[in-house]
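Trainee: Before we go through this model, I would like each label checked against its rule.
Mentor: Fine. Here it is.

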Amino acid sequence: MSTHAKRERLLLADLLETAGPDAPTLCEGWTTRDLAAHVVVRERRPDAAGGMLIKQLAPRLDKVMAEYTDKPYEELIQLIRTGPPRFSPFSLKPVDEASNIIEFYVHTEDVRRAQPDWSPRDLDPVFQDALWSRLERTARLMGRGVPTGLVLRRPDGQTAVAHRGTPVVTVTGEPSELVLFSYGRQSAAKVDLDGDENAIAKLHETKQLGI
């Protein structure tokens, strides 16, 4: 049975192929070529991928990213589509699903929502629940640097505290939209914000959401 992560992987590859190498994305400063190189490096170059989180390793990451960005675009897409090599932990289905369901969903929307004619996807409830399950576990990591209290709320009333503090802003939306909001795509997420007006303005402008 195909996993959610596998489905999003293939969708992302198709979107990147259709968009071409020079299309915009929601990732500031990145074209579709840059995004494709990022996905491949993350899966295939663990010696460099640590630079995504550890500042001291960033120069190594920049060097490897430049090497992959220079590869033929079609090659990058094929590497995404075929997935990680067998020796990679990402090749194990449970690891792939746990690590990549949000990664590929967010990057798929990075491509889709950067286009002027995009429209929301109709996501099934099982996928929404899977996204929520992972968001619950990562909410505090994503919201650790925001300047206000932050609560994420599903339409059914389930909540996750992303950051304790006052004043509190409550962000309500489907899990898929809350994921985008929490991973720094505030302007593209279809959510409702409730709370102090100044706090809401700060939350919209902050660069501290996400990793």
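Mentor: By the rule used here, the count comes to 17 salt bridges. This is a predicted model, in which local features need pLDDT of at least 70 and side-chain atom pairs count only at pLDDT 80 or more, while totals for chains, interfaces and linings use all residues. Residues are numbered from 1 along each chain as its sequence is written, and side-chain values use heavy atoms, with hydrogens and water left out.

Trainee: Why is the pair Asp14 and Arg81 called a salt bridge?
Mentor: The term requires a side-chain nitrogen of Lys or Arg within 4 Å of a carboxyl oxygen of Asp or Glu. The closest N and O atoms of Asp14 and Arg81 are 2.8 Å apart, so the pair meets the definition.

Trainee: What makes that pair a tie between parts apart in sequence?
Mentor: Asp14 lies in helix α1 (residues 4-19) and Arg81 in helix α5 (residues 73-82), so the pair ties together parts that are 67 residues apart in sequence. Helices (H or I, at least four residues) and strands (E, at least two) are DSSP runs, numbered from the N terminus.

Trainee: How do you know that β1 and β2 pair?
Mentor: Pairing needs at least two bridges found by DSSP. Strand β1 (residues 149-153) and strand β2 (residues 159-163) have four bridges, in the antiparallel sense. Leu150, for one, stands opposite His163 in β2. The two strands form a hairpin with five residues between them, and Gly157 in the turn has a positive phi of about 100 degrees.

Trainee: What makes the bond from Thr166 to Pro167 worth a remark?
Mentor: That peptide bond is cis, with omega near -10 degrees. Most peptide bonds are trans. Pro167 is found in the loop between β2 and β3 (168-172).

Trainee: Where do the domain bounds come from?
Mentor: They come from an automatic or database domain assignment, which gives domain 1 (3-114) and domain 2 (135-205). The contact (heavy atoms within 4.5 Å) takes nine residues from domain 1 and ten residues from domain 2.

Trainee: How much area is buried between domain 1 and domain 2?
Mentor: About 730 Å², of which carbon and sulfur atoms give 66%. Buried area is the accessible area (1.4 Å probe) that two parts lose on being put together, summed over both. In domain 1, Ile102, Tyr105 and Arg113 lose the most area to domain 2, together 62% of what that side buries.

Trainee: How many salt bridges cross that interface?
Mentor: The rule finds two between domain 1 and domain 2. Glu177 forms a salt bridge with Arg113, with the closest N and O atoms 2.8 Å apart.
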